[in-house]
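Subject: the model, and what turned up in it

Hi,

Here is the structure I promised to pass on. Have a look at it first, and then read my notes below.

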Amino acid sequence: MNQRNLLEVDWSQIPAPSDDGGAAHLEGMTLPPISLLATDDTSVTLSALRGRTVVFAYPRTGEPGKIALVDDWDMIPGARGCTPQTCAFRDLFAELKAAGASHVFGLSTQSNTYQTEMASRLHLPFPVLSDEKLALTHALNLPTMEVAGLTLIKRLALIVDDARITHVFYPVFPPDRNAGDVLDWLKANPAKGSPAKVG
């Protein structure tokens, strides 16, 4: 099945993921000192970052006009919507920063080369991290799905304060609302030591 417009999705036709408990253990965990390659050609160790970090993870972004990974991709609960999710974080990036996010990252198990093309095409103002070797995925026991022989991270978002996961959004549906939900949470839960922002 060709992926036509990656942004125009009728979510009423897409099966929603259920809460399978796959992320229930994450809140309160400390991130391990694992470095991941980023689309800005840096190596990022999330556990070394101070302040509040937002990490949104997704299975894999598609390329317009390219064949989908499997014919029934859209019918896999939680699979469709990686590009709308990513673009929503792009569009709300300035507001997320204003609400206290010191850092924002995307995360998937796709290769850095693939992600760099996507980040350039979508004009992302934040880096996307590649966990192609599944180091962080396995260390945190992130919820995953197996599709066409690939291990993909199920869609979620993490709020991390000084290397500690303080909030988890999971499951995420519809994907394009995730950034707005994260923004609302940031506004309602200012990081310790930072003044609550009004507006």
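Below, "buried" is a residue with under 20% relative accessible area, "exposed" is one over 50%, and partly exposed is what lies in between (1.4 Å probe, protein chains only). By that cut-off, Phe126 counts as buried, at 3% relative accessibility.

Some housekeeping before the rest. This is a predicted model, so local features need pLDDT of at least 70 and side-chain atom pairs count only at pLDDT 80 or more, while totals for chains, interfaces and linings use all residues. Residues are numbered from 1 along each chain as its sequence is written, and side-chain values use heavy atoms, with hydrogens and water left out.

**Overall**

The protein has five helices and nine strands, taken as DSSP runs (helices: H or I, at least four residues; strands: E, at least two) and numbered from the N terminus. Along the sequence they follow the pattern β-β-β-α-α-β-α-β-α-β-β-β-β-α. Of the 199 residues, 52% are buried. Taking contacts (heavy atoms within 4.5 Å) between residues at least 6 apart in sequence, 73% join residues at least 24 apart.

**Aromatics**

Back to Phe126, then. A search of the whole structure finds five aromatic pairs. Rings of Phe, Tyr and Trp (its six-membered ring) pair if their centres lie within 6.5 Å; planes under 30 degrees apart are stacked, over 60 edge-to-face, and the rest tilted. Phe56 and Phe126 are edge-to-face, because their ring centres are 5.6 Å apart and their planes stand at 85 degrees. Phe56 is in strand β3 and Phe126 in the loop between α3 and β5, so this pair ties together parts 70 residues apart in sequence. Phe56 is buried too, with a relative accessible area of 0%. Phe126 also pairs with Phe93: centres 6.0 Å apart and planes at 40 degrees, so that pair is tilted. It links Phe93 in helix α2 (residues 93-98) with the loop that holds Phe126, 33 residues apart. Phe56, Tyr58, Phe89, Phe93 and Phe126 form one aromatic cluster.

There is also a charge over a ring (NZ of Lys or CZ of Arg within 6 Å of the ring centre and within 35 degrees of the ring normal): the charged end of Arg60 sits over Tyr114, 5.5 Å from the ring centre.

**Helix α3**

Which residues of α3 (112-121) are buried? They are Asn112, Gln115, Met118 and Ala119. Just after α3, His123 takes a positive phi of about 55 degrees.

**Arg52**

Arg52 is in strand β3 (residues 52-57) and is buried, at 5% relative accessible area. Its side chain makes a polar contact of 2.8 Å with that of Asp161. The term covers N or O atoms within 3.5 Å; within protein, one must be able to donate a hydrogen and the other to accept it, and residues adjacent in sequence count only if both atoms are side-chain atoms. Leaving aside neighbours within four places in sequence, the residues in contact with Arg52 include His103, Trp185 and Pro190.

Cheers
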